[in-house]
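I opened this notebook to keep track of what I looked up, one entry at a time.

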Amino acid sequence: MERITIDPITRLEGHGKIEVFLDKQGEVANAYFQVPELRGFERFCVGRPVEEMPTLTNRICGVCPEAHHIAAAKAADAVYKVDPPRTAKMLRELLYSAFYVTDHTTHFYALGGPDFVVGPDAPAAERNILGVIAKVGMDIGGKVIEARRGNHRVIEIIGGRKIHPAAAVPGGMTSAINEEQRAEIEKIARQSVEFGQFSLDLFDKIVLGNDAFRELVLGDTYYHRTYYIGLLDADKKVNFYDGKVGVMSPDGERIGIYAPAEYRDWIAEHVEPWTYLKFPFLKKVGWKGFTDGVDSGVYCATPLSRLNAADGMATPLAQAAYERFYETLAPKPESGGKRIVHHRLATHWARLIELLYAAERMVELVTDPEITSPDVRAVPTEKPTEGVAIVEAPRGTLTHHYWTDERGVLTKVNLIVGTTNNYAPISMSIKKAAEAFIHKGQVNQGLLNRVEMAFRLYDPCLGCATHSLPGQMPLQVVIRDADGEVVDDLSQHC
Amino acid sequence: MSPTAKPAAKPKLAIFGAGSCGGCDVAIANIYEHIVEVGDAFEIVLWPTIMDGKYADIEALADGDITIALINGSMRTEETVHLAKLLRRKSKLMVAFGSCASEGCIPGLANLSSRREIFDTVYATDSTDNPDGVRPTWEYKAPEGTLHLPEFEPQLRTLEQVVDVDYVIPGCPPESEQIWAVLQAVVAALNGTGPLPPKGSVLGAGTSTVCDECDRKRDVKRIDRFVRITDQAAFDPEICLLEQGLPCNGPATRSGCGALCPAVGAPCIGCYGAAEGVVDYGARLMSAYASVISADKTDEIDTILDGIVDPAGQFYRFSLATSLLRGGRSAWKNGGEE
């Protein structure tokens, strides 16, 4: 059987690796997306004091440490059954919202967005931030750097460090902010709202105003009817910091809403022997392999998923953008009653709507009269036992579950990490792209483009497993004939 | 310049992350607009997380052709070990960049467990549906052909435990201002306007301890017990955290971060590694703690030290892989399997 290996720059770098097998007719028989890295946090966190989990689990991912930091602090709250003061929760959410702004900015302008802004057919060397600058103008580069710098500054003010923050602990935060710091954050928050609006306008002009791009978004290659999950507030609006998880069927029916402590009733993880990463699926539907539809437990947890799983956005500008999103892409509800966008490339648009929401949420939080209150920590009074917490990481629903002894020393740990949620859908998108572009043993260069775009829309932070920056998957396709000889070698940055 | 004259070749820079979280790469990217100056000063031949480049291109280079290689991340699979050796051969200067590469970092705590224990935990968690006890295998015969996974080695190793290292840049991750300062110094040295530091130097950090750059006041107060952060709603914002009973790693940890964590009321966790001249990080920290303990008898000292609920983590949180505890050959039976 013929084999095509799509590797990162090399198999020797521990990034993702894709093996495509062809049948005798040269058509795709199967595709395997392997994750060749493991560190074992669930094992070696055992024995550590639970209050250290916010800084220990930071090190799972240096791209999204804030997600682990906040999830760990909340799970430790749950272990001690302690309710942090209101200001502490607001500070955590403010830090977390600033993180969303910087993270989504990086993705749209440097990683995923250039496909649209510069164009999917432009040479790979131009589809980057420099290409965006060339197309949109010099000052866009400055705006992007300022958005990232400003929001990293917010993370540092509240959390202590720009990367791997330190201030969230069980019961709240280790320190409050003063008025001077609050004013600095408010300025950055308001600039971020303007930047979010600017980014959506840019998307409007360049993507929605261009028929070729609209066709690409609405085409079949990136269309998957799967389940979607996302964290919801009490009004069933998107929330990143807290709430319950809504589960939406491909037919637009919300089949359930689960509290963090109930996650095992809903989510299970499948193990394959050819990869280090597990495949989460909806337990109530069941693992049916790498397939979509209402009978397959495969689900997605992305910006698009969160919009699909929710009834709307909790801030006015983002809500207006949300309405426009569905009016444009899915004006009619599915049979289950909810409008659903299954076109995966629309994830880029959804990400910008979330960016605007995060910025608006920053303004709400930083202008709250209690945000500078010195009351930022509650002392636990209950015996520590067990606790679960969930936050929405930018790349998917993040679950931390801890068990401790009576001293608060960990005895067991379970983690279901952001991108991991999307391992099965990413694998399916890769196979679909391979099937579309490999026929009779011939591989089109377009395969790389399609695989690349399939990766980028999920913003895969396999940093948690493979340490690639989101969307930065250097790919190499090695095509071998039946004797294993290399007949072609295509390479592209992804 | 005549039309045929070649412009002077730029020095070549390689940046590579082995088993890492990506934070070191983000820290480099967070020098913001200076990244353009790095691009002007160097030909970046490898930086997989940020730009395209092929492993085969590195193999094709002459030995020693790369001027400087910054390697972050730890060595846990046969692939990363292989690439570290290759880059060592191709590079004049090799830098262990960040805590993973220089001392093993938090993932080094995995060396407290055997490979089997790690697998038996990860692939059998509460939410894992794995009735047949499936484990990843290095070679798996799928129906369509054989799939290979790089072997998860019995123990995590640091860069220095695999290849010869010229410099260390500590930190988890190194602070971006420090990274930029090091890069500027390297460029100056390459331009002949400054000296290259001697081999073995620790770059981008100070020579004293985190305590020396911490603004908190020390009044040589002794403690009669250790407390945990969950014991009190607040700690004095101006007094040394250790003197308030919180186990802070400042006294053993190298300066260079700016004491950021104590500034927001969180104890130093030791991510900048051992201070200058310290042979064993944990031993130094233990002696620092002993010096603040108010006790005369051994059993009193023991009682106070019992307040440290996780000694292995407290004293070797970032440096277990290079410590005397788990620094050498595998301590496990059967080549680390059990």
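**Strand 1 of chain B**

I began with strand 1 of chain B, which runs parallel to strand 2 (residues 43-46) of chain B and is joined to it by three bridges. Strands here are DSSP runs of E with at least two residues, helices are runs of H or I with at least four, both numbered from the N terminus, and two strands pair if DSSP finds at least two bridges between them. Within this pairing I found B:Leu13 opposite B:Ile44 of strand 2 of chain B.

I noted that this is a predicted model, in which local features need pLDDT of at least 70 and side-chain atom pairs count only at pLDDT 80 or more, while totals for chains, interfaces and linings use all residues. Residues are numbered from 1 along each chain as its sequence is written, and chains are lettered from A and ligands numbered from 1 in the order in which they are written.

Strand 1 of chain B also pairs with strand 3 (residues 66-72) of chain B, in the parallel sense and over five bridges, and there B:Gly17 has B:Asn72 as its bridge partner.

Next I looked up burial, where a residue is buried if 20 or more other C-beta atoms, placed from the backbone, lie within 10 Å of its own, exposed if 12 or fewer, and partly exposed in between. Six of the six residues of strand 1 (residues 12-17) of chain B are buried, so this strand is largely enclosed by the rest of the structure. B:Lys12, B:Ala14 and B:Phe16 cover one side, and B:Leu13, B:Ile15 and B:Gly17 the other.

**Between the chains**

I then turned to the contact, which takes 83 residues from chain A and 76 residues from chain B; two residues are in contact if their C-beta atoms, placed from the backbone, lie within 7 Å. Strand 9 of chain A pairs with strand 6 (residues 128-129) of chain B in the parallel sense over two bridges, and A:His270 has B:Asp129 as its bridge partner.
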